[in-house]
Amino acid sequence: MSDLIEQGEKLILRSSDPAVEKVTGYRRFLIGFDIAQADDPAAFCIIQDSQTPYWLTDVQQALRPRRRVVVAAERLRGASYPELARIARNLTMDPSVVGRSHLVADATGVGRAWVALAEEKGLKLHKMQITSGEGESETREHGRLFYNVGKNRLLGDLNSALHTGALQIGQFPLRDEFAAELDSFQVTFAETGRAKIEGGTKGGHADMAMACSQALWLSDHSSLNCFVGQSKLAGWFA
């Protein structure tokens with residue numbers, strides 16, 4: 001059968017037969033960037049998101065199930081804002097992902113100054129302000145678009161994706177530490193009944209996991225023309 005061709009994000013099976021029912025797959029990389037507060041390390045996480053075409057019959061193509069895998073996560077200790085901007089740019093311009101990478105960065109608190117610096121240096125990114133609760137909204141300030149997403153929503157969706165298999169954890173150097181961050185999350189309830197999710201290890205305040213939750217959110221965002229689905233919450237934080 002024909003070889004798989006990559007055209008940017010698109011995955012295409014080569015065929016010159018006009019009778020073939022063709023489909024187009026994709027492979028993209030979502031990069032979540034969590035900006036450090038105080039002495040905590042910054043962190044990033046990369047999710048590979050793909051749906052690959054294959055030959056169902058000699059004249060018909062189909063798409064395999066969507067697959068999202070965490071392929072990298074790392075803490076960035078002691079890096080200055082300009083250094084973090086260079087790291088983020090290098091991640092998006094790496095030959096293995098260039099032209100098919102999308103970056104979302106934490107613009108909450110000190111992150112707001114960092115995203116302003118990153119944009120001044122020409123870095124294209126989605127700016128997320130992490131709020132309390134489970135809501136999601138958009139705001140514009142001086143022509144700049146910010147996505148306001150509740151922390152509980154981010155972590156609840158991450159929980160669900162991991163439990164249902166919609167997101168898998170691949171092999172990378174800090175895999176065990178990343179898994180430890182995921183396991184560290186606990187839910188507490190205020191007297192009002194409002195849930196609060198917190199986590200952290202000796203290595204930091206679950207920075208890689210938060211970066212992952214941002215990348216996962218971006219993977220389903222309408223601006224990327226992505227598949228948007230829902231899956232049942234699995235109670236991972238119990």
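Mentor: Start with burial: buried means under 20% relative accessible area, exposed over 50%, and partly exposed in between (1.4 Å probe, protein chains only). The model is predicted, so local features need pLDDT of at least 70 and side-chain atom pairs 80 or more, while totals for chains, interfaces and linings use all residues. Residues are numbered from 1 along each chain as its sequence is written, and side-chain values use heavy atoms, without hydrogens or water.

Trainee: Is Q168 buried, partly exposed or exposed?

Mentor: Q168 sits in strand 12. Helices (H or I, at least four residues) and strands (E, at least two) are DSSP runs, numbered from the N terminus. The relative accessible area of Q168 is 35%, so Q168 is partly exposed.

Trainee: Which residues does Q168 touch, apart from those up to four places away in sequence?

Mentor: Begin with the residue opposite, V69. The C-alpha atoms of Q168 and V69 are separated by 4.7 Å, though the two residues lie 99 apart along the chain. Contact means heavy atoms within 4.5 Å. On that basis Q168 touches R67, R68, V69 and V70.

Trainee: In which sense do strand 7 and strand 12 run, parallel or antiparallel?

Mentor: Two strands pair if DSSP finds at least two bridges between them. Strand 12 covers residues 168-169, and two bridges join it to strand 7. The strands run parallel.

Trainee: How many bridges join strand 4 to strand 7?

Mentor: Strand 4 spans residues 42-51 and runs antiparallel to strand 7. A42 has L76 of strand 7 as its bridge partner. The number of bridges is nine.

Trainee: How many residues of strand 7 are buried?

Mentor: Strand 7 covers residues 67-76, which gives ten residues to check. The strand is largely enclosed by the rest of the structure, because the buried ones number seven.

Trainee: Which residue of strand 9 stands opposite V104?

Mentor: Strand 8 (residues 101-106) pairs with strand 9 in the parallel sense, over three bridges. Strand 9 (residues 126-131) has five of its six residues buried, so it is largely enclosed by the rest of the structure. The residue opposite V104 is H126.

Trainee: Where does E9 lie, and which residues is E9 in contact with beyond four places in sequence?

Mentor: E9 lies in the loop between strand 1 (4-7) and strand 2 (10-13). E9 is buried, with a relative accessible area of 19%. Leaving aside neighbours within four places, the contacts are G25, Y26, R27, R28, G99, R100 and H102.

Trainee: How are helix 4 and helix 5 oriented to each other?

Mentor: Axes are lines fitted to C-alpha atoms, for helices over the stretch in contact, and angles run from 0 to 180 degrees between N-to-C directions. Helix 4 (residues 175-183) and helix 5 (residues 207-219) pack at about 80°, axes 8 Å apart. E177, F178, E181 and L182 of helix 4 meet D207, M208, A209 and C212 of helix 5. The two helices are therefore roughly perpendicular.

Trainee: At what angle does helix 3 pack with helix 5?

Mentor: Helix 3 covers residues 151-164, and its axis is 9 Å from that of helix 5. Angles under 35 degrees count as roughly parallel, over 145 as roughly antiparallel, 65 to 115 as roughly perpendicular and the rest as oblique. The angle between helix 3 and helix 5 is about 85°.

Trainee: What percentage of the residues in the protein is buried?

Mentor: The protein has five helices and 14 strands. Among contacts between residues at least 6 apart in sequence, 58% join residues at least 24 apart. Of the 238 residues, the buried share is 45%.
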